[in-house]
Structures are given as C-alpha cells and as structure tokens.
Amino acid sequence: MRKLELHWKILIGMLLGLLFGFAMTYPDWGRNFVTDWIKPFGTIFVNLLKLIAIPLILASLIKGISDLKDITKFKKIGLRTIGIYVFTTVVAITIGLLLVNVLKPGEGISPETIDKLSATYANDKGVTDKLDEALKQKESGPLQFLEDMVPDNAIAAMSDNALMLQVIFFTIFLGISMLLIGEKRAKPLKDFFDSLNDVVLKMVDLIMLTAPYAVFALLANVVASSGDPDLLIALLKYSGVVVFGLFLMIVFYSFVVAMYTGKNPFWFLKEISPAQLLAFSTSSSAATLPVTMERVEEHMGVDKEVSSFVLPVGATINMDGTSLYQGVAAVFAMQVLWPEGLLFSNQIIIVLTALLASIGSAAVPGAGMVMLVIVLESIGFPPELYPIALALIFAVDRPLDMCRTVVNITGDATVSMVVAKSVGKLGKPHPQEWDDHLEEVI
C-alpha cells in the first residue's frame with residue numbers, strides 16, 4: 001500500500017482539529033477540556049521545534065560557510081539575498097495598499113461595531129502589551145537594530161529564540177574566522193558542526209512524525225478559544241482583503257520560481273506545503289524554520305551553502321505576509337477612524353516604514369501588531385485612537401497571523417531557490433527519512 005504523504009497527513013490533522021475545536025465550543029466544559037487536555041500536545045510540538053532552531057542555525061550556517069572555500073561567494077550570496085528580500089517586501093506592501101484602496105473594507109464597519117470592538121478589546125491585555133512594546137521600539141535610536149544584532153554574550157543569545165539575529169551574526173563571524181585560519185586548522189571544528197548538522201536534521205525528521213497530531217491540537221485550541229463570532233463576521237471584508245492579498249503573494253512567488261528557476265510552480269508548492277501547514281498552525285516563522293530548511297534542502301535541491309544563510313536571515317528580516325498586512329491594516333484603520341489621513345504621501349510613508357519595521361521584527365506570533373503601531377505612528381495617526389485601531393483588528397489577528405506566516409516562509413523558500421539558481425547551487429532533491437540509517441543500529 002502506498003504511504004500517505006506528510007502534507008496529506010497534516011491536512012487531515014488540521015481538518016479534524018478544526019471540526020473538534022468547533023464541536024467543543026458547544027458544551028460548557030468544552031473550551032476548558034481543550035485548554036487542559038489538547039492544547040499541551042501542540043505546545044510541546046512547538047517547543048520541540050524551537051528547541052532545535054538555534055542548534056540548526058549554528059550547525060547549518062557554519063557548515064554552509066566553511067564549505068564555501070572562497071569567502072567572496074558568501075558576499076555574493078549575502079548581497080543578493082538582502083536585495084531580493086527588500087524587493088519582495090516592497091511588492092507585498094504595494095499589493096496590500098492597492099487592494100485596500102480599491103476594495104475599501106473600512107467603509108463597511110458601522111459605529112455600533114466600532115463601539116462593540118472597543119469595549120471588548122481596547123483594554124485587553126494583548127492590546128495593551130502590544131502598545132507597550134511598540135512604545136519601547138519607538139523610543140530606540142535609528143541604529144538600534146544594528147546595535148541589537150551584535151551580542152555581548154553568545155551563550156546568552158543562544159538561550160533566546162527571539163535573539164536569532166544575534167545568533168546569526170555570531171555564527172557568520174565564527175564561520176568566516178574558520179575560513180581565514182585555513183582548512184587544516186578548521187577541520188576538527190568543521191567536522192563537529194557537520195556531525196551536529198546531521199543529528200539536528202534527524203531530530204527534525206523525528207519531530208515531524210508527530211506533526212499531524214500536533215496540528216490537530218493547535219487548530220482545535222485556536223477554534224475553541226476564538227472570540228465573539230458576530231465580531232468576526234463584521235470584520236469579514238477586512239479579513240478577505242488581507243487573505244486575497246496573501247494569496248496574490250503566493251501566486252507571485254510561484255511565478256518567480258517558474259520564470260527564474262524553470263521549476264513547476266505546483267511542484268514547488270507541493271514540496272513546501274508541510275512547512276506552510278506548520279506555519280499556519282504555529283503562526284511562527286522561527287518555530288517553522290527547522291522544517292523549512294529541511295524541505296528546501298532535501299526536497300527542493302537548494303545547496304546548504306545557500307539555504308543555511310538565506311532561510312535563517314529570512315525568518316528574521318523577510319516578513320512579506322506581515323508587511324502586506326501592515327499596509328492593509330493601517331489604511332483600514334484610517335478608513336474607519338481617521339479618513340482625513342488617507343493621503344498619497346502617507347501611503348508612501350507606510351511603504352517605507354513597513355519595510356524598515358519588518359527588519360528585525362520578532363519571528364513570533366503577534367509581532368505584526370507591534371509593527372502596525374510603529375507604522376501608524378509614522379504617519380501621525382492620533383495616539384488616542386491607537387487602542388481602538390488595535391481593537392478593530394485584534395479579533396481576527398490570530399487567524400490572519402496564521403495566514404501571513406504561511407506567506408512569510410513561502411517567500412523565504414522562494415528567495416532561497418532564486419539565490420541558489422543565481423550562484424549555480426540549485427541541484428537535485430535528495431529527501432531523507434527518519435529511518436534511513438536504522439539498520440546500522442539494530
């Protein structure tokens with residue numbers, strides 16, 4: 001009998017999770033049951049992925065750099081990666097602004113709905129926390145993001161997944177230093193990281209065996225803990241604009257892959273789909289990173305020299321889905337609360353601010369709302385309306401966060417293929433299974 005492919009197993013798990021979560025909203029004890037007995041299995045799965053993210057970046061990036069032999073290749077890969085990431089982010093923001101200006105979702109929101117949303121969410125801890133975090137970022141200097149990239153303690157940086165840029169900086173520094181001392185002197189350390197890389201990738205294979213069950217738990221919890229369905233319906237037009245824009249970004253990526261690499265776009269989407277489904281379930285690019293790297297390297301043929309740099313950097317600075325959402329959400333908030341601010345000059349500022357805000361933004365759930373406050377502040381949005389603006393979108397932020405994370409990791413995979421093709425490092429896929437070497441230990 002033919003073995004069911006992983007993406008189908010995950011899809012089945014997601015569907016069952018949605019149905020189960022919906023069913024659990026009816027009995028009085030249902031939501032508590034999901035929280036106490038189902039949600040922990042999803043949390044454990046996400047923690048396992050986060051557990052190996054930093055070791056994977058360390059091992060994979062050092063292996064990739066040390067395999068280069070020529071340090072000028074790293075410069076070429078780095079410049080092309082940053083340039084393409086900036087380009088795709090600008091495309092994403094532009095698509096979002098075009099759609100929200102044409103479809104005008106804010107015109108369908110009644111004053112009663114605004115009052116209800118404000119009463120429900122304006123003082124919610126999630127909203128107030130996002131405002132406090134945005135205030136901290138606003139008070140930082142113009143070069144704070146550069147300062148934040150350089151750790152003062154490498155071990156401390158490796159202890160926190162939110163400090164991924166610091167880990168990448170240290171790892172690149174270490175990898176380049178290994179190149180400069182010569183192959184013979186670097187060989188013992190290189191062999192260690194090569195072996196660590198193989199071990200961590202095997203850990204990814206083992207963790208993915210539980211993915212269908214984990215996404216069941218994650219989706220069941222999302223549905224069971226969702227807010228007022230009437231408010232969700234009221235924001236359906238706004239949500240539809242965001243989702244349509246995200247869909248257009250997937251189409252854009254598929255077109256780029258087909259035109260530049262010559263690969264079938266449906267093949268590309270099929271191979272990246274397990275990572276996309278996990279991104280949807282976890283809402284975290286960082287948690288999905290180990291799976292994204294495994295799919296891109298083993299199933300798409302991108303050489304580790306490219307993927308080990310492009311994907312970790314992308315998980316931190318490439319937030320195409322989130323940036324598109326910034327454009328839609330900012331203009332939506334203006335359409336509802338501050339129509340006099342709908343100027344062309346303000347929308348140009350939104351493009352620039354959303355682009356800069358995406359660099360260094362945490363690859364974790366909810367980071368988009370912090371970025372949104374920064375974008376609104378840049379165009380002079382009335383500060384007293386910030387809580388109401390966030391309350392407008394807070395009800396549907398989690399499902400939209402799930403969708404935009406899918407676009408974020410799809411963009412990372414697309415750029416890794418484009419960069420690999422441009423430097424002659426796009427080869428044949430070489431998928432591996434968790435039990436490939438089982439006979440050696442039994």
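Which helix of the chain has the lowest mean pLDDT, and which the highest? Helix H11 (residues 229–234) has the lowest among the elements of the chain, at 70, and helix H12 (residues 236–261) the highest, at 96. Here pLDDT is the predictor's confidence in each residue, from 0 to 100, while helices are DSSP runs (H or I, at least four residues) numbered from the N terminus.

A note for all views: this is a predicted model, in which local features need pLDDT of at least 70 and side-chain atom pairs count only at pLDDT 80 or more, whereas totals for chains, interfaces and linings use all residues. Residues are numbered from 1 along each chain as its sequence is written, and side-chain values use heavy atoms, with hydrogens and water left out.

**View 1. Confidence along the chain.** The chain averages a pLDDT of 88, and 95% of the residues score at least 70. Please keep one caution in mind: where pLDDT is low, the predicted coordinates should not be read in detail.

**View 2. Phe309 and Val310 in the largest nonpolar core.** A nonpolar core is a set of buried Ala, Val, Leu, Ile, Met, Phe, Trp, Tyr and Cys residues joined through side-chain atoms within 4.5 Å. Buried means under 20% relative accessible area, exposed over 50%, and partly exposed in between (1.4 Å probe, protein chains only). The largest core has 70 residues, of which Phe309 and Val310 touch the most other members. Helix H2 (residues 30–66) gives the most to this core, with 12 residues. A second, separate core has 59 residues, including Leu235, Tyr325, Met369 and Tyr386. Back at Phe309, and leaving aside neighbours within four places in sequence, the contacts (heavy atoms within 4.5 Å) are Leu61, Phe74, Ile77, Gly78, Thr81 and Ile172.

**View 3. The kink in helix H9.** H9 (residues 183–208) has 26 residues and reaches 35 Å from its first C-alpha to its last, close to the 38 Å expected at 1.5 Å a residue; the expected span is 1.5 Å times one less than the number of residues. A kink of about 40° is centred on Leu189, the bend being the angle between axes fitted to the seven residues ending there and the seven starting there. Among the buried residues of H9 are Ala186, Lys190, Asp194 and Asn197.

**View 4. The Lys270–Glu5 salt bridge.** A salt bridge is a side-chain nitrogen of Lys or Arg within 4 Å of a carboxyl oxygen of Asp or Glu, and a search of the whole structure finds 10. In the one between Lys270 and Glu5, the closest N and O atoms are 3.1 Å apart. Lys270 lies in helix H13 (residues 265–282) and Glu5 in the segment before helix H1 (6–23), so the pair ties together parts that are 265 residues apart in sequence. Lys270 is partly exposed at 35% relative accessibility, and Glu5 is partly exposed at 28%.

View 5. Arg404 is buried, with a relative accessible area of 0%. Arg404 forms a salt bridge with Asp397, the closest N and O atoms being 3.1 Å apart, and another with Asp401 (3.4 Å, N to O). Asp401 and Arg404 both lie in helix H20 (residues 397–422), 3 residues apart, about one turn of the helix.

**View 6. Positive phi at Ser283.** Ser283 has a positive phi of about 60° although it is not a glycine. This residue lies in the loop between H13 and helix H14 (285–300) and is buried, at 2% relative accessibility.
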